[in-house]
Amino acid sequence: MADTAARLHALTRHGSPVDRSQLVTFRPLDPANRPAPFKRYPDQPIVALPTDFGRSNEAAAVVLAGQVRRDPLTLDAGVLARLLFFTGGVTRVSHPAGGHDPTWFRAAMSAGNLHPVEVYVVCAGLGEVAAGVHHFAPLEMGLTTLRDGDHRELLAAATGAPEVAAAPCSLVLTGVPFRTAWKYGERGYRHLFWDAGSMLGNLLALAEAAGLPARVYVGFVDRDIAELVGVDGVEELPLAVVTIGHRDDRAPAMAAAERVARLDLTTTPVAPQPIHFPLIQEAHDDGRLTNKDAVAAWRAAAASLGLPAPDELEVPADAGTEPLEDVIVRRGSTRLMRPDPVPPELLTWGTGVAGRAVPGDFTAPGHTLVQHFLAVHAVEGVEPGAYRWHARRFEQRRSGKHRDLTSRLCLDQPLGGDAAFTAFHTADLEGLLATLGSRGYRAAQLEAGIVAERLALAAFTLGAGATGLTFYDELVSQFFATPTQCLLVTAVGVPAYRNRPGGSPGAPAELAHYDQLMVRLASRLRGRS
Ligand SMILES: Cc1cc2nc3c(=O)[nH]c(=O)nc-3n(C[C@H](O)[C@H](O)[C@H](O)COP(=O)(O)O)c2cc1C
């Protein structure tokens, strides 16, 4: 693997000897240099989105199985607000003792709860939301307009995909490296895509629930997307473009040839003294596409990649009818699990939901870059052991209950071993990077984030709990005897406490005992190490 992303991957492995001289030395989690949790434009107004947007009324189980059959909703301001809130909105808050700043939690999971991903809307007029380029303000649940007018042709040109202009709305996801590198250093580059992916896990499901087609683009001219949403490609990096909906009556839009004027809007600083991590920049730049021919070539190469993935699944008989949006706000990372058994559907259906094909430009249609290996500890009727999920079947690799070993694989975190099963999402990074270069790395990590969030939603739909977990890279490959590399881990099991559901826009649920729970967790971790 000669690409810089491969170098970053190797240098950011947990548990393997790495040449630290190639990494920046810094103080992780330096309280004096804490990043601001939200991007703000202090001189621009935030216009409130509607908050009475209701629910789709599609059962989560039906949506996650890909079985929604309905006419598409009209993508108006209310539907846009619903998509944004359940993708990136603030759902919970914890006010720590001692009058410190509150900790905000959002609809999708995020490593370290650091939420490095920003969301921009590029749309035609959607009722109360005027045509323009807007930034989503999660806490205020509103939009800051950055550009007036319909810019969809420009977005389509930058994405090298004419059909982008036919979507009434697209979201551009960007990542602020320092918001996550503050804790994780260069490994934070992976987190940008995991966290964007977890948001997309929600977004794709919400779009399905609304009957709206959605498609994820990883291929685009980086500079043009960055210019359109007014980011510099250093402090903030474009990650993905997602189209939502389709309209035959393409509104008159700006000519693609027109370059956008430079945006010169004041934004709040990322942190008191953001640290630059050159390896992150190099890995990202190495995957950069500089013109539409490069985008077309990259996309053509991607179109032959991947393993077949299911499009649709059956809905488990006792999955209930709870609407998708309610499951999303109920989800919260399970912090403590009881080592109790779970029904087999949680394993079989959950893995199927996680492994469903993602509509996107980075694989062949109906294919996936991600493979799934499972450490099964307590699933009724399933022999404990290590499995690979392949072609909708579980192939056993080892037998025996390996709770301690699984916990070890998950950076010695008890959750990995207490779970009923722990899923290790991997990819053949070597093969992928040989074909798609450093940009293929972006795609694989993004898909892993989607997979993890989907598995978590499937778990909550069936009454269980789940959390994303980090891992010792090489140990995972060794344990499952796979040449693939681990991208992300999801532990699924029985929560040891009742999770408080998230709230609504402007009224996040208060997590009263969150700091105590985290102290309990930390002491458990210390006890193990
Ligand atoms: C990529 C990723 C990795 C994560 N890794 C861990 C982990 O190693 N240990 C852990 O306890 N939680 C982990 N989490 C869960 C986050 O800590 C959690 O999502 C975050 O605190 C926000 O809380 P919420 O999910 O309840 O909204 C991870 C989440 C993601 C998306």
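Which residue in strand 14 is the bridge partner of phenylalanine 373? The partner is arginine 388. Before I continue, please note that this is a predicted model, in which local features need pLDDT of at least 70 and side-chain atom pairs count only at pLDDT 80 or more, while totals for chains, interfaces and linings use all residues. Residues are numbered from 1 along each chain as its sequence is written, and side-chain values use heavy atoms, with hydrogens and water left out.

Strand 14 covers residues 385–390; strands here are DSSP runs of E with at least two residues, numbered from the N terminus. Strand 13, residues 371–376, runs antiparallel to strand 14 and is joined to it by 5 bridges; two strands pair if DSSP finds at least two bridges between them. Strand 15, residues 393–399, is also antiparallel to strand 14, with 6 bridges. One of the residues involved is glycine 385, whose bridge partner in strand 15 is serine 399. Strands 14 and 15 form a hairpin with 2 residues between them, and alanine 391 in the turn has a positive phi of about 50°.

I turn now to the ligand. An oxygen atom of the ligand lies 2.9 Å from a polar side-chain atom of arginine 331, and a ligand nitrogen atom is 3.2 Å from a backbone N or O atom of glycine 468. Strand 17 gives the most residues to the shell around the ligand, namely 3.

Notes: A polar contact is a pair of N or O atoms within 3.5 Å; within protein, one must be able to donate a hydrogen and the other to accept it, and residues adjacent in sequence count only if both atoms are side-chain atoms. Helices (H or I, at least four residues) and strands (E, at least two) are DSSP runs, numbered from the N terminus. Buried means under 20% relative accessible area, exposed over 50%, partly exposed in between (1.4 Å probe, protein chains only).
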